[in-house]
Amino acid sequence: MKYKTIRGTRDILPAEISQWQDAENAARELFKRYGYSEIRTPVMEETGLFIKSVGEDTDIVKKEMFSFRDRGERDISLRPEGTAPIVRAYLENNLVNLNPFQKLYYIGPMFRAERPQAGRLRQFHQVGIEAIGSNSPALDAEVIIVMAGLLDSFGVKNYTMKLNNLGCADDKKKLSKSLKELFSKKEVASLLCDDCKRRAATNPLRVLDCKIESCKVVVRKYFKEVEFLCADCKKHFDDVLKFLDLVKIKYAVDPYIVRGLDYYTRTVFEASCGSLGAQNAVGAGGRYDNLISDMGGPVTGACGFAVGIDRALIAAGKVPGETGGAKVDVFVAPLGEEAYKKAFLVLADLRASGISCDIDYESRSLKSQMRSADKLKARFVLIIGDDEIKKGEAALRNMQTKEQVCVSFDKLAAAINGKIE
RNA sequence: GUGGCUAUAGUGUAAAGGUUAGCACGACAGACUGUGGCUCUGUCCGCACGGGUUCGAAUCCCGUUAGCCACCCCA
């Protein structure tokens, strides 16, 4: 029986792992500059956490969660997103008492049971930040700036940053109600696609970002008349834009951006990249001013984003293998059994001195060992044969210059360290 | 989840129902037996899985699985 990775999951092999490490390192370095600390939460949570936060009627909860009941009859889900677990952790660990304002970031796998495609996996990876405990528009702006900086550091180019203002919870309710009324009119409803006819009743905001042209026409024609934003929310959004203008971040306000998670309020944003096909969202986020209180915490604002690492690497055009391959300082090549034992000892000494080195385990010809050394991109090969053992020194060959010198066994580490500098 | 396209060594590909499934890259070994990259030689590794049609299937049909594309939705 040959086993395979399950649908929508994949192995990240050594040839591409450096891209992931580079991306993660870049993210950590960037977040540190902005004062964010890492937090790691479990990949599993109570299912109820996501139903409550992401929303009962959202697709993520309704049809995309990997949920199961464990042996203790608990309802558990693999996390489909990172925000809810972090809010849970913020409240559960009383971080609010430590400091009510927290800047947190996370990196890790998320799980959604969608039909897989390139750039859309069932286990995918997100890196994101959550700044909890402030209503300031400067925070919205900073979060957007950090996301733009992250995409830049990943090498993602040609993305567009779209912003919208959904308003506070009351505004959203007003909007939803107005849209329901609008779509219930026969002359409007008859123009919508079948999906939107259904959405008009269940989740009317989603009609706004329907891709079908006829629906777009309807939305453009009637949506302008819908007034739903209160004065505070309007001002908040205007201030966010001012801060962004101040640091010359490029963005486009798109009144049809609607996020698929119920907890968003006020500012929402999305970075999309044309080269990704239909999976063009490479990062997105927004403000969620009611989530913390909905989860039993104090009334306090928060804002965050998530970037899909898998997608970002595709968008950045990273190709596996370009930077792959192990590199080693010294390849030790013994000839014969006696020499192998000596080599084994030398290996231990060199490694203890901080020198990366490797050896062949199959006792092959020197030619083969030289080839292996070449493949490993070894900078030096240390040849140990009977002659060398007799003389008490090994032959150290520089693979680039082909220069070969004899070095006494007890001075090996020092000699090599001197040459590596 | 719906619809469509696809599936040949590790990778990229050829074979339009008819011998031992070909090629390139790759891996491994060797070319006066203690010296790498180039070259040459040899070796290794494959028809996704399961049924069916046929004298005969990589090739045609069905199913399964997986990938890809669009939708749904989303990072």
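Author: The dialogue below takes up strands, sheets, a helix pair and some loop residues in turn. This is a predicted model, in which local features need pLDDT of at least 70 and side-chain atom pairs count only at pLDDT 80 or more, while totals for chains, interfaces and linings use all residues. Residues are numbered from 1 along each chain as its sequence is written, and chains are lettered from A and ligands numbered from 1 in the order in which they are written.

Reader: Which side chains of S11 point one way, and which the other way?

Author: In a regular strand the side chains alternate between the two faces of the sheet. Helices (H or I, at least four residues) and strands (E, at least two) are DSSP runs, numbered from the N terminus. In strand S11 (residues 302–308), Ala302, Gly304, Ala306 and Gly308 point one way, and Cys303, Phe305 and Val307 the other way. Seven of the seven residues of S11 are buried. A residue is buried if 20 or more other C-beta atoms lie within 10 Å of its own, exposed if 12 or fewer, and partly exposed in between, with C-beta atoms placed from the backbone.

Reader: In what sense does S6 pair with S11, and over how many bridges?

Author: Strands of a sheet pair through backbone hydrogen bonds, either parallel or antiparallel. Two strands pair if DSSP finds at least two bridges between them. Strand S6 (residues 123–132) pairs with S11 in the antiparallel sense over seven bridges, and Ala131 stands opposite Cys303. Strand S10 (residues 281–287) also runs antiparallel to S11, joined to it by five bridges; there Cys303 is the bridge partner of Arg287.

Reader: What is the order of strands in the open sheet of five?

Author: The order is S13-S12-S14-S15-S16, with mixed pairing. At the edges are strand S13 (357–359) and strand S16 (404–408), each of which pairs on one side only. Neighbouring strands of this sheet are turned by 30° against each other on average, direction ignored. Angles run from 0 to 180 degrees between N-to-C directions, and axes are lines fitted to C-alpha atoms, for helices over the stretch in contact. Helix H15 (residues 366–375) packs on the sheet, touching strand S12 (330–334) and strand S14 (380–384), and its direction makes about 170° with that of S12.

Reader: How do helices H14 and H17 pack, and which residues make the contact?

Author: Angles under 35 degrees count as roughly parallel, over 145 as roughly antiparallel, 65 to 115 as roughly perpendicular and the rest as oblique. Helix H14 (residues 337–352) and helix H17 (residues 412–420) pack at an angle of about 50°, their axes 9 Å apart; the two are therefore oblique to each other. Val346, Asp349 and Leu350 of H14 make the contact with Leu412, Ala413 and Ile416 of H17. Two residues are in contact if their C-beta atoms, placed from the backbone, lie within 7 Å.

Reader: Where does Ser363 lie, and what is its phi?

Author: Ser363 lies in the loop between S13 and H15 and has a positive phi of about 50° although it is not a glycine. Ser363 is partly exposed, with 13 other C-beta atoms within 10 Å.
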